[in-house]
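Subject: Structure for you to look at

Hi,

Here is the structure I promised to pass on. Please open it alongside this message, and have a look around before you read my notes.

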Amino acid sequence: MKLIPTLLAGVAFALSAVAAQAEVRFGVMNESYPPFFAKDASGQWQGWEIDLMNAVCEEMKEKCSIVDISWDGLIPALQSKKFDVIWSSMSNTAERSKVIDFTDKYYNTPSTLIGPKDQKPGATAEDVKGKTIGIQVSTIQSEYYKKYFAEAAEEKTYQTLDEAFQDLASGRIDYVFGDSLALDAFLKSDGGKDCCAKMGDVADDREILGAGVSGGLRKEDSELKAKLNTAIAAVRASGQYDAITKKYFDFDIYGAK
């Protein structure tokens, strides 16, 4: 009988070791979104957001994996426990916060309009009057369009930004509206640098555009949220965040707010 406490202690230790190495599954949109995430020639995910994920996982001392799924399927897949955290450039907005929780912000950039080089710059309802704007479905830009541009311009929705970029380059639409960094990447690409240019950042609306990009979580997963927030803060404090960012950007993407 004296062996029982020792055995129980050993079991408890083993269980705690397993818990510390529990796999955390990160949900990522299943299309390229450079420079944040994309698959390389071997099918491995890479990019700024993937590097940050790896640093956060190392800080948490957790084993992590990636589950990829369509953009508009991310929240339903999180809720049905197909993975544990959305890590896919998702903005923390009031509307999304009604159904899921969010970690602290890990970056924040403005929303931007791009169009043909011969188009007059501007990013107001008056500037886009009578035009067609390409927008990816289920994005904050789609919600912004409904509030600010719907009476002035027509919306054309796409499952992916790449499809919108193709239509813009071929003249089938007048603008693409999205996150500035993703649009900047297109403007620097072979398909975008000759045809298109930045028209301007839209006026901020925090209720719609959100408080920055964060990890999305189920509301009951408070322990995981605390671990992620601690790890994000530690990665920033250690200088790893800046080192990762400098590999992809020549400016601070964390943002002021």
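Below is what was found in it, from the overall layout down to single residues.

**Overall layout**

Please keep in mind that this is a predicted model. The protein has nine helices and twelve strands, and its C-alpha trace spans about 85 × 35 × 30 Å along the principal axes. Of its 257 residues, 47% count as buried. If you take the contacts with a separation of 6 or more, 71% of them come from residues 24 or more positions apart.

An unreviewed UniProt entry annotates residues 23-252 as "domain: Solute-binding protein family 3/N-terminal". In the model, that span is 32% helix and 26% strand, and its end C-alpha atoms lie 31 Å apart.

In soluble globular proteins, nonpolar side chains tend to be buried together. Here the largest nonpolar core has 56 residues, and those with the most contacts inside it are Phe36, Trp48, Val56, Trp87, Tyr107 and Val176. Helix α2 (residues 48-60) gives the most to this core, contributing eight residues. There is also a second, separate core of 16 residues, and Ala123, Ile135, Tyr144 and Phe149 are included in it.

Leaving aside neighbours within four places in sequence, its contacts include Phe26, Val28, Leu52, Met53 and Val56. Also on the list for tryptophan 87 are Tyr106, Gly215 and Ile232.

**Aromatic pairs and charges over a ring**

How many aromatic pairs does a search of the whole structure find? The count is 20. One of them is the stacked pair of phenylalanine 165 and phenylalanine 186, with 4.1 Å from centre to centre and 5 degrees between the planes. Phenylalanine 165 belongs to helix α5 (residues 161-169) and phenylalanine 186 to helix α6 (residues 180-187), so this pair ties together parts that are 21 residues apart in sequence. Both partners are buried: phenylalanine 165 has a relative accessible area of 8%, and phenylalanine 186 has 9%.

The rings of phenylalanine 249 and phenylalanine 251 are tilted, because their planes stand at 55 degrees, with the centres 5.8 Å apart. Phenylalanine 249 is buried at 10% relative accessible area, while phenylalanine 251 is partly exposed at 38%.

The charged end of lysine 105 sits over its ring, 3.9 Å from the centre. Arginine 236 also lies over the face of tyrosine 254, at 3.5 Å from the ring centre.

**Threonine 112**

Is threonine 112 buried or exposed? With a relative accessibility of 1%, threonine 112 counts as buried. Its place is in strand β7 (residues 111-116). The side chain of threonine 112 makes a polar contact of 2.7 Å with the side chain of aspartate 201. Setting aside residues up to four places away in sequence, threonine 112 touches Asp201 and several others, among them Val176, Phe177, Ser180, Leu183 and Lys198.

**Loops and backbone details**

A few spots in the loops are worth a visit. Which peptide bond is cis, with omega near 5 degrees? That is the bond from proline 34 to proline 35. Proline 35 lies in the loop between β1 (23-29) and β2 (38-39).

Two residues other than glycine have a positive phi: lysine 61, near 60 degrees, and serine 89, near 55 degrees. Lysine 61 is in the loop between α2 and β4, and serine 89 is in the loop between β5 (85-86) and β6 (101-107).

Lastly, glycine 73 sits in the loop between β4 (63-69) and α3 (74-79). Glycine 73 is buried, with a relative accessible area of 15%.

Best wishes

Note on methods: Residues are numbered from 1 along each chain as its sequence is written. This is a predicted model: local features need pLDDT of at least 70, side-chain atom pairs count only at pLDDT 80 or more; totals for chains, interfaces and linings use all residues. Side-chain values use heavy atoms; hydrogens and water are left out. Rings of Phe, Tyr and Trp (its six-membered ring) pair if their centres lie within 6.5 Å; planes under 30 degrees apart count as stacked, over 60 as edge-to-face and the rest as tilted. Helices (H or I, at least four residues) and strands (E, at least two) are DSSP runs, numbered from the N terminus. Buried means under 20% relative accessible area, exposed over 50%, partly exposed in between (1.4 Å probe, protein chains only). A charge sits over a ring if NZ of Lys or CZ of Arg is within 6 Å of the ring centre and within 35 degrees of the ring normal. A polar contact is a pair of N or O atoms within 3.5 Å; within protein, one must be able to donate a hydrogen and the other to accept it, and residues adjacent in sequence count only if both atoms are side-chain atoms. Contact means heavy atoms within 4.5 Å. UniProt positions are given in the numbering used here, feature names are shortened, and annotations may be inferred rather than shown by experiment. A nonpolar core is a set of buried Ala, Val, Leu, Ile, Met, Phe, Trp, Tyr and Cys residues joined through side-chain atoms within 4.5 Å.
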